Structures are given as structure tokens and as C-alpha cells.
Amino acid sequence: MQEKYAPVPGRSFPLGAEWDGKGTNFALFAENAERVELCLYANAVEEEARIELVERDHHIFHCYIKGIHPGQLYGYRVYGPYEPENGKRFNPNKLLLDPYAKAISGEMVWDDAVFGYQIGGADGDLSFSMADSGPFVPKSLVADLNYDWEGDTSPKIPYGQSVIYELHVRGFSNLNPHIPENLRGTYAGLSHPASIEYLKSLGITAIELMPVDHFISDGYLQEKGLSNYWGYNTIAFLRLKENIHPLAQMVNRLSNSGIWLKTCTAME
């Protein structure tokens, strides 16, 4: 499978994976890395190709590959010194998410292989794990983020006149009887006319969301049958926990009602 991919230098900007309709540009910042490999996956566990990113500009490794389209699973293996005492823990046995990934597929499986050190080893977290974490970690996903904003623009309300409401997307509408049950706790529920009417009645001009980007639940929570509700365990700041389009639709509806999204920090 490796031979069907023919990387060319590509660009160092923007960071992440950017699809242009014909192929995808990959760019990763790794200042202290010695080598970087782009790993392409056929599915959650099957790695089909490794491509070394030989181009490097200002600590950014990059390449462009024609024929890579939205839906492609990928990750990185980064080589460098393993010096825990100096804060350097490079371990190419561990598949890494793209920190600028716009989409992610799969969930974390808390196998011992996901740790960079040997669980239970005599040297503790100073040891070096040779186990491949690839089958057990989420994969980055090449995404198409095109969205028709239909000419929508920000209300541009001055901060001095702003009334900002911080809220949790799921909790805000989860029990609201005026919103259809299938929309409660979602972006659509937040931008439902009943929600907008309530916000407007309070004089709200902007909402600030509690975490909406991709997060995981800690292993000890899963062992107890629990999950991370608040979302403060983010592993990908640029990937929403839900698809981008429902959020964009929510922003559009709120903006048309004179309410703007101040920030989108991180949750579901």
C-alpha cells in the first residue's frame, strides 16, 4: 500500500491536515523531534502506510499527498530523545493525535500500551515502553470544514454593552419541556426558539460555552461506569465533540437573533 502514496514537500502552513479538493497537506510542529512519520490507517487498528515527513521549516514537518481525501484516518509517530529527567519523552511506539486535527475517530481504550512507560516496571515512569499504542488510541481524521454561512456576520456588540452567559451545552436544555426531547442537550436545543426567547428575556448578548472540543473520560471513571460530564480533559482543542455543522447552524441562528458566541472553549 505504501507505493500508492507519493508525498511532495507541501507547505508548513496552516498546521494540521488541510484538504484542497485533490489531496491533503499535513503540517506538524515538533521543535525537538529528530524524525516524524505520518501514519495512515485503513481502519481503527490497521496501519496501512508510514510516510516520513522529510521537509522541515522552522520546526514544522510537512508534506502534501495527492489523493488523500476527507475520511482518511491518520496519526504521527515522532522520534527523538527519551530523557524523562529532562522532560523529553519521545517514543515512536506511541501513535500521536495531530494537535491541530479538526476531526477525530474512535475512543481511547485504556490498555497499558497507551502509556509511554512500562506499567508496573521497576523504574516506574522512567522506563520505556515498546508496546504499540496504535490499536488502542483515537485517530485523527482528515475533514472537510466547508460551510455556507449565507452571508451571516457577527453582531459586533461592544464589550461594554455585552451581557455574557456561560453555559454547558448539554445541561442548558436537557430538561427543558419547551424543547423537543430529541433536541435537548444539543446545539440545536441551545438555538431552539424557546432557548433564544429565554436568553433574550434575560438581556443576554453573548454566550460562552463550557468545553465543547474533543475530550476523553479517565480510566478510573470508566471502571466505575462513569464518564466525564464537564469536558475538562481535552485531547484535541480544534476538534469539536460533535460535528462542526450543528455548531455552525447554532451560531448562525443565534447571530441572526442578536446573540453571538464569545468563545468555544472545550465539551459536548
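**A tour of the chain, from surface to cores**

Start with the surface view: the chain has about 14100 Å² of accessible surface, and carbon and sulfur atoms own 52% of that. Keep in mind that you're looking at a predicted model.

Now switch to cartoon. Of the 268 residues, 41% are buried.

Next, select Phe26, Val36, Leu38, Leu40, Ile65, Tyr74 and Tyr76. These have the most contacts inside the largest nonpolar core, which has 25 residues. Colour strand 2 (23-29), strand 3 (35-41), strand 4 (47-52), strand 6 (60-66) and strand 7 (73-79), and you have the elements that each give two or more residues to this core. Nonpolar side chains tend to be buried together in soluble globular proteins.

Stay there and click on Ile65. Skipping its neighbours within four places in sequence, Ile65 is in contact with Tyr5, Ala6, Pro7, Gly23, Thr24, Phe26, Leu38 and Ile51.

Then move over to Leu167, Tyr187, Leu190 and Val251. They are among the 16 residues of another core, which lies apart from the largest one.

Last stop: the largest pocket. Select Arg89, Lys94, Leu95, Leu96 and Leu97, which lie nearest its centre out of 23 lining residues. The space in this pocket is about 630 Å³. What kinds of residue make up its lining? There are 18 nonpolar, three polar and two charged ones.

Key:
Residues are numbered from 1 along each chain as its sequence is written. This is a predicted model: local features need pLDDT of at least 70, side-chain atom pairs count only at pLDDT 80 or more; totals for chains, interfaces and linings use all residues. Side-chain values use heavy atoms; hydrogens and water are left out. On a 1 Å grid over the protein atoms alone, a cavity is a set of points where a 1.4 Å probe fits but cannot get out, and a pocket is an open set with protein on both sides within 12 Å along at least five of seven lines; lining residues have an atom within 4 Å of a point. Grid points are joined across faces, edges and corners, and a volume is the space filled by probe spheres set on the points. Ala, Val, Leu, Ile, Met, Phe, Trp, Tyr, Cys and Pro count as nonpolar, Asp, Glu, Lys and Arg as charged, and the others, Gly among them, as polar. Buried means under 20% relative accessible area, exposed over 50%, partly exposed in between (1.4 Å probe, protein chains only). Accessible areas come from the Shrake-Rupley method with a 1.4 Å probe; for residues, only the protein chains shown count as cover. A nonpolar core is a set of buried Ala, Val, Leu, Ile, Met, Phe, Trp, Tyr and Cys residues joined through side-chain atoms within 4.5 Å. Helices (H or I, at least four residues) and strands (E, at least two) are DSSP runs, numbered from the N terminus. Contact means heavy atoms within 4.5 Å.
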